[in-house]
Amino acid sequence: MVICITNHSHLDFTQLQHEVNPMYVCLCRGITDTQIRKAVQSGKSEFRQLKQSLEVGAQCGKCVRMTMEIIAAELDKMEQEQPVLYYQVA
């Protein structure tokens, strides 16, 4: 997928690599980072939930660390995108 962005002086073509070239995280089950990200976005925020639904980490376990990193990154991204609902008063 290629996105064209204009700032009225030139065009910038940006390629979204995580959608074009998914990275296989679990080779045993053929699970990609995109599948893990979508599962986290749909509410599965814990590894055990992903293990039950996607069966990631169910065989050799070499993918567990990368899966945990993707979960943390996706949760951080989702947290940053949420609007501030309160303001702290000093």
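I began with Glu 55, which counts as partly exposed because its relative accessibility is 37% (buried is under 20% relative accessible area, exposed over 50%, partly exposed in between, with a 1.4 Å probe and protein chains only). The model is predicted: local features need pLDDT of at least 70, side-chain atom pairs count only at pLDDT 80 or more, and totals for chains, interfaces and linings use all residues. Residues are numbered from 1 along each chain as its sequence is written, and side-chain values use heavy atoms, with hydrogens and water left out.

I placed Glu 55 in the loop between helix 3 and helix 4 (helices, H or I of at least four residues, and strands, E of at least two, are DSSP runs numbered from the N terminus). Glu 55 is not a glycine, yet its phi is positive, about 65 degrees. Most residues other than glycine have a negative phi.

I then listed the contacts of Ile 36 (heavy atoms within 4.5 Å), leaving out residues up to four places away in sequence; they include Val 25, Leu 50 and Thr 67.

Thr 67 lies in helix 4 and counts as buried, because its relative accessibility is 0%.
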